[in-house]
Amino acid sequence: MSTMEMDPVFTAALREALVATVKDTPRVRRRWRWRVGTGTFLGLTLVAGGVALASGMFSPPGAPVDSPLGNVITATRTGTATIDIGTPPATATDVSLALTCLTVGTFYFPNGSSMNCDSADLTHVPPSDGPASEVVPLTAGVDTVTIKTSPNATWTLQAMYVNQVTTPWGVNASGETYGVENQNGTPDLIAVIINQGSTNGYVKESDLKCAGGGDPTSRAEALAWDKASQNRNITIPVYESDGVTVVGTFTVGSASGPNAQTVPLSSLSLGC
Amino acid sequence: MVRSNGDEATAWAAVLDNNGDAFVAIFDQHRDRVYRHALRMTANVHDAEDVTAGAFLELWRRRKAARVVDGSVLPWLLVTTTNLAKNLTRGLRRYRALIATLPRADVARSAEDVALEQIEEFRIVVRVRDALSGLSPSDAALITLTVFEHYSPAQAAAALGITDGAARTRIFRARTRMAATLEALDDDENIGATKETNR
């Protein structure tokens, strides 16, 4: 082992730890981007949970669509506080929240997601990320939103009820479902964007899983896969929604350098 | 020159939707460069591993605030790595328990041990660390991004949230200070070598 390469045992264990960390994080159901219009927020198409879905410009089947309802409630507070957002409209399913930090501190949404702001975040012009956004489901009988913070942290919350509808996945002539992952699970063909965002298509869920190393059941398995992947990228076909017409390839892996190889999944015998 | 990476931008969009596979893909893509920079900053293998772990855990915790430069989070990771390495005790406090559970191939191995096998490589690492240690965290990050990682001053400025002009001025000053430090180190080594010769 050279000093310039990280210990492979440590690397594999850290990789597993990161996977576990992500898994333990409260699930953000979807993100909502806000734009200030003439006194109201105009919801854009969201970024949904597809494995590789990149932007709201492409809204494939299975993506949730949020329709704004009623007015935007704006409140500024310091420290942990609860905001009354009024009686929900009958058709409301969720509350869309946009939180802006006005001081340094840590801020927690009701679903447990958090945002940390340091002094650089406050002085950056324009604001580096704008408000952090979450869409949280309504709780029956609760018409308040509580933001928890570190001591003396000041924030502004904008909240609005929305009606959320998850569009159905498409089904092609072969009976395969296609679209993005959502609360109903994973479709047979998962939406991806390739070629620097210029091509939309779908990869087979089975191909993606296989090329990504499947589901390692032990540290040893993860380590073995990690070693095999160090100099190897795997490409899988990207299809039209028919699951037959190939429009490109999607690369799984990040190997680079003189020894890196990029090989199609079909050329490997991975047993999956 | 580092170019924007469409695949990474795609993966990062998925990370922001809590996609674990995408986050691991980002880790696989950048871990070696983050580790090499951590080693450059600490000149200690174990500390560099800890800092690398801390940088990616911070990336996850602060994913909504992380700055993306030309579609890549690598500049943000390198800046965070610099900050963590500059203050190991405080920066890694929240992750100490987790990092302590991660196994290592050789728990007794440190950069000093490895140095016996790879003296020249280690000597360079130590000299760079010493030169960077005289800079503020943000100046060290600017030098790292522009000198070692070949980002443009504009990209480094974006990663740090400062103006292009301010970045260029600070890079110039930091390079001057680093050069002076390296010169002083050279003088010390030469004096040491002379003393050895005279014995």
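**Strands and helices**

Guide: Let us start with a facing pair: A:T82 stands opposite A:T146 in β7(A). This is a predicted model, where local features need pLDDT of at least 70, side-chain atom pairs count only at pLDDT 80 or more, and totals for chains, interfaces and linings use all residues. Residues are numbered from 1 along each chain as its sequence is written, while chains are lettered from A and ligands numbered from 1 in the order in which they are written.

Visitor: What makes β2(A) and β7(A) a pair?
Guide: Two strands pair if DSSP finds at least two bridges between them, strands being DSSP runs of E with at least two residues. Four bridges join β2(A) to β7(A), residues 144-149, so they count as paired. They run antiparallel.

Visitor: Which strands of the open sheet are called edge strands?
Guide: The sheet's order is β2-β7-β4-β5 in chain A. Its edges are β2 (81-84) and β5 (114-117) of chain A, as each pairs on one side only.

Visitor: Why are α9(B) and α10(B) called oblique?
Guide: Helices here are DSSP runs of H or I with at least four residues. The two pack at an angle of about 140°, with axes 9 Å apart. Angles under 35 degrees count as roughly parallel, over 145 as roughly antiparallel, 65 to 115 as roughly perpendicular and the rest as oblique. Therefore α9(B) is oblique to α10(B).

Note on methods. Axes fitted to C-alpha atoms, helices over the stretch in contact; angles between N-to-C directions.
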